[in-house]
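Please read the following with the model open beside the text. The paragraphs go from helices to sheets and then to the charged pairs.

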Amino acid sequence: TVYNHLMPIALHPRVTKLWIVRPEKSTFGEIPNSEYILTPSSIKPLIWLKMYRACNMLAKKEAVKAVVSFNPIPYGLLAYRASKKNHKPIHLGFIGSDWNTYSQKIGKQFLMRCYNHADFITCTGKKMKIEMIQKGLTTPPIEILPHGVDQNKYSVNDNGDKKYSCIFIGQLNALKRVNDILDAFAKASIAHPTAKLCIVGDGPLKSNLMQQAQSLNIAHLVDFLGFQKEVLPYLQQSKMIIIASETEGFPFSIVEGASCGLIPITTPVGTICDYIKNNVNGLVFPTYDIDALANNISNVLSDNQLSNRLFEGVK
């Protein structure tokens with residue numbers, strides 16, 4: 001995701017150089033016109049101190065005309081402090097579920113005060129922008145900046161049968177509700193015994209989820225592939241991309257999946273429904289509703305007219 005966020009900045013015609021302050025270098029590819037300032041440490045507060053010092057040092061440079069950050073805590077606040085100290089314009093962005101998380105916490109008033117003194121704010125969709133204004137972010141301009149991917153890379157693969165009926169990509173944690181995906185897939189597989197599910201990602205619940213697949217008697221239908229640096233081959237071998245999360249912003253996985261022609265089946269969380277319209281270019285089901293998810297999966301697999309219509313909507 002770091003790579004996807006930074007590439008449009010690095011390739012912008014008015015950007016001659018991009019300095020990237022991070023604990024480690026992105027492994028997803030080379031970012032042109034860029035230089036990393038790395039701040040590694042096993043202790044988080046030390047990482048943050050190093051990052052602030054690096055941001056402050058860079059913001060002093062005449063060549064640095066603006067500061068950009070996409071995560072509010074701690075990176076956005078560190079970038080904000082360094083930019084203001086050195087009188088440089090600052091962009092602060094909300095991505096993922098950052099807004100849902102931090103707008104509810106005790107320190108939200110401090111966060112709001114800082115963000116109201118930013119020069120420019122971006123968020124992933126209209127719903128989030130409306131919520132920001134309602135909560136008091138009114139001073140700087142707020143623009144919608146949805147996630148994007150390289151369309152030349154993530155292209156539609158319409159070469160016949162797919163290996164996987166469904167794919168999930170993401171961390172295997174409680175918020176992603178992958179357990180609901182397994183329960184729903186088990187129900188759908190009763191009518192579709194040859195269907196297969198691909199789970200790409202790692203996390204604290206991986207062993208529990210693998211045991212769940214065993215107990216549901218669908219282990220032979222589910223491939224747990226772990227973390228994959230390159231997800232494109234698995235997307236191009238899948239028909240649907242499933243998101244059952246209870247909280248999201250606008251996940252890159254759904255953008256990548258739709259770009260490859262996969263039919264999104266998703267919960268109505270974050271700003272997803274700004275882009276995925278139920279029964280037009282995807283199917284939306286209520287969070288935690290396993291039966292609704294199972295029915296959606298089964299309907300796409302059994303109803304060619306529905307499947308083709310949604311596929312055309314995605315394209």
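A residue is called buried when its relative accessible area is under 20%, exposed when over 50%, and partly exposed in between, using a 1.4 Å probe and protein chains only. Helices (H or I, at least four residues) and strands (E, at least two) are DSSP runs, numbered from the N terminus. This is a predicted model, in which local features need pLDDT of at least 70 and side-chain atom pairs count only at pLDDT 80 or more, while totals for chains, interfaces and linings use all residues. Residues are numbered from 1 along each chain as its sequence is written, and side-chain values use heavy atoms, with hydrogens and water left out.

Start with helix H1. The buried residues of H1 are Asn4, His5, Leu6, Met7, Ile9 and Ala10. They pack against strand S1 (18-22), S3 and helix H10 (252-259). Asn4, in H1 (residues 2-10), has a relative accessible area of 19% and therefore counts as buried. Leaving aside residues up to four places away in sequence, Asn4 touches Gly148, Val149, Phe252 and Glu256, where contact means heavy atoms within 4.5 Å.

Now turn to the sheet that contains S3. Two strands pair if DSSP finds at least two bridges between them. An open sheet is formed by 4 strands in the order S3-S4-S5-S6, with parallel pairing. Strand S3 (67-69) and strand S6 (142-144) each have a single partner strand and stand at the edges, so one side of each lacks a neighbour in the sheet. On average, neighbouring strands of this sheet are turned by 20° against each other, direction ignored. Within the sheet, S4 (residues 90-93) and S5 (residues 120-123) pair in the parallel sense over 3 bridges; the bridge partner of Leu92 in S5 is Ile121. Helix H3 (residues 72-85) lies across S3 and S4 and runs at about 170° to S4. For such angles, axes are lines fitted to C-alpha atoms, for helices over the stretch in contact, and the values run from 0 to 180 degrees between N-to-C directions.

Strand S7 (residues 164-169) is largely enclosed by the rest of the structure, because 6 of its 6 residues are buried. S7 runs parallel to strand S10 (residues 238-243), to which 3 bridges join it, and Tyr164 has Ser238 as its bridge partner in S10. Another 4 bridges join S7 to strand S8 (residues 197-200), also in parallel, and Ile169 stands opposite Val200 in S8.

The charged pairs come next. A salt bridge is a side-chain nitrogen of Lys or Arg within 4 Å of a carboxyl oxygen of Asp or Glu, and by this rule the count comes to 10 salt bridges. One of them joins Lys176 and Glu248, whose closest N and O atoms are 2.6 Å apart. This pair links distant parts of the chain, 72 residues apart: Lys176 is in the loop between S7 and helix H7 (178-191), and Glu248 is in the loop between S10 and H10. Both Lys176 and Glu248 are buried. The side chains of Lys196 and Asp223 also meet in a salt bridge (3.6 Å, N to O). Lys196 lies in the loop between H7 and S8 and Asp223 in strand S9 (residues 222-226), so the pair ties together parts that are 27 residues apart in sequence. Lys196 has a relative accessibility of 21% and so counts as partly exposed. Arg177, Asp180 and Glu246 are linked in a network of salt bridges.
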